[in-house]
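Hello,

Here is the structure for you to take over. My notes on it follow below.

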Amino acid sequence: MSKLAIVKLNTNLKFNNRDAEKLRGFMGRTFQENILFHNHVDTFTFNYQSSKIYYKVLDGILSIVGIEDGAESLIQTYEKIKDIDINGKNILVDSEITLKNYTLSIDSEKSYKYNFISPWFALNQENYKKYKNDDFDLNAQLRNNIIEFFKLNRIWADKKIEVSGDFKEMLIVQKDTKVLGFVGEFTTNVKLPSYIGLGKRKSIGYGTIKEVF
């Protein structure tokens, strides 16, 4: 059984998805001694292991999601987060934590439905060209992202993972650059926890999923 923690930084303000990256910068500076908060070995070296802490905006609220070691780090530190700095503005926050346990499993008979509540970044430069030439399977890419989550939890995917999605393109502007993402729903035979991130740039809030009941 694995552990997930969700910390919500409650204020009377509403935030947008771009603020998740700013929150990551603040938390990385504040808890610089803990690599899980920023994923950098040092000033110049990035830790290429998948993030275990994700920065998100959930229903307009700045939030931090941690899995396994990341969840433990949030449990130990969330009460210390009394205020944050976003865009040079000091903001008082009321930190609230929710803890959940989950078991990753592949079901042979049942499927589960999920919605991307933030754009999913599925493509890099190489497979973007394949996608534009109708030579790229988004379902297969999402399956690979799910397998990556299994590896992050140190669990072996011992059965075939099935994925079927209905995706729509969405252009996102980041630092004057347009990036192609996707929104939509998918079904899979894997029971996944809500609010994790899949795909690229998941540490700053992209590819967040939520189960549809």
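Four strands form an open sheet in the order S2-S3-S1-S6, with antiparallel pairing; strands here are DSSP runs of E with at least two residues, helices are runs of H or I with at least four, and both are numbered from the N terminus. Two strands count as paired if DSSP finds at least two bridges between them. Strand S2 (53-58) and S6 are at the edges with a single partner strand each, so one side of each has no neighbour in the sheet. From one strand to the next the twist averages 20 degrees, where axes are lines fitted to C-alpha atoms, for helices over the stretch in contact, and angles between N-to-C directions run from 0 to 180 degrees. Nine bridges join strand S1 (residues 2-10) to S6 in the antiparallel sense, and Ala-5 stands opposite Leu-99 in S6.

This is a predicted model, in which local features need pLDDT of at least 70, side-chain atom pairs count only at pLDDT 80 or more, and totals for chains, interfaces and linings use all residues. Residues are numbered from 1 along each chain as its sequence is written, and side-chain values use heavy atoms, with hydrogens and water left out.

Next, the aromatic rings. Rings of Phe, Tyr and Trp (its six-membered ring) pair if their centres lie within 6.5 Å; planes under 30 degrees apart are stacked, over 60 edge-to-face, and the rest tilted. By this rule there are ten aromatic pairs. Tyr-102 and Phe-149 have ring centres 6.2 Å apart and planes at 25 degrees, so they are stacked. Because Tyr-102 is in strand S6 (residues 94-102) and Phe-149 in helix H4 (residues 138-152), the pair ties together parts 47 residues apart in sequence. Both Tyr-102 and Phe-149 are buried (under 20% relative accessible area, with exposed over 50% and partly exposed in between; 1.4 Å probe, protein chains only).

The rings of Phe-116 and Phe-167 have centres 6.5 Å apart and planes at 50 degrees, so this pair is tilted. Phe-116 belongs to strand S8 (residues 112-120) and Phe-167 to strand S9 (residues 163-174), so parts 51 residues apart in sequence are tied together. Phe-116 and Phe-167 are both buried. Ring pairs also link a cluster of Tyr-114, Phe-116, Trp-120, Tyr-131, Phe-167, Phe-182 and Phe-186.

Last, Ser-194 sits in the loop between strand S11 (190-191) and strand S12 (209-212). Its relative accessibility is 18%, so Ser-194 counts as buried.

Regards
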